[in-house]
Amino acid sequence: MDASKHSVPQPRKFKVGFCECFGCSVEAFPKALLRKSIHPPLRPLAWLVRSLSPNYFRPDLEYAERIGETRDWEAFWTLANSIRRDMILNHGLLRAGLHLRISGYRLIKVYQEITRHRRESFL
């Protein structure tokens, strides 16, 4: 047999596992991930801020897109843990003081929830 016809399948992207687990479309992924990764008591405030300033969460949504493209735990973990050092995500009173931004800790919790749901690592 020709070895070039056989290839090892590439691991799935995080966003595929997320969308399967939570029943959202790939297009809705960034907003759905952002919603799940904001500290629950801050979600009403996040809704209000987004209503008053639609671009406030643009950096968070862009970061969610980057997270969604990861295919292995190391890349996911690195991005999740880099949030606290990212100046764009931690600039200003709401972001730095109240942590009204995407949360690396909550991202890891989402990963764990998906893994429990699937009973295996998806990356």
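User: Happy to start with the helices: at what angle do α1 and α7 pack?

Analyst: This is a predicted model, so the geometry here is computed from it. Helix α1 covers residues 14–22, and α7 covers 104–118. Their axes lie 10 Å apart, and the packing angle is about 65°.

User: Is the crossing of α1 and α7 left-handed or right-handed, and which residues of α7 make the contact?

Analyst: Good one to look at in the viewer: α1 passes α7 in a left-handed crossing. From α1, the contact is made by F14, G17, F18, E20, C21 and F22. The partners on α7 are V110, Y111, E113, I114, H117 and R118.

User: How many residues in that contact of α1 with α7 are nonpolar?

Analyst: Sorting the contact by class gives 3 charged and 2 polar residues. F14 of α1 and I114 of α7 are among the residues in contact. The nonpolar count is 7.

User: Is S103 buried or exposed?

Analyst: S103 sits in the loop between α6 (93–97) and α7. Leaving aside residues up to four places away in sequence, S103 touches S37 and I83. Its relative accessible area is 15%. Because buried means under 20%, S103 counts as buried.

User: What is the phi of H99, and how accessible is H99?

Analyst: H99 is also placed in the loop between α6 and α7. Most residues other than glycine have a negative phi. H99 is not a glycine, yet its phi is positive, at about 60°. As for accessibility, H99 counts as partly exposed, with a relative value of 42%.

Notes:
Residues numbered from 1 in each chain as written. Predicted model: local features only at pLDDT ≥ 70, side-chain atom pairs only at ≥ 80, totals over all residues. Heavy atoms only, no water. Helix = DSSP H or I, 4+ residues; strand = E, 2+ residues; numbered from the N terminus. Buried < 20%, exposed > 50% of the residue type's maximum accessible area, 1.4 Å probe, protein only. Contact = heavy atoms within 4.5 Å. Axes fitted to C-alpha atoms, helices over the stretch in contact; angles between N-to-C directions. Left-handed = near helix turned anticlockwise from the far one by under 90°. Nonpolar A, V, L, I, M, F, W, Y, C, P; charged D, E, K, R; others polar.
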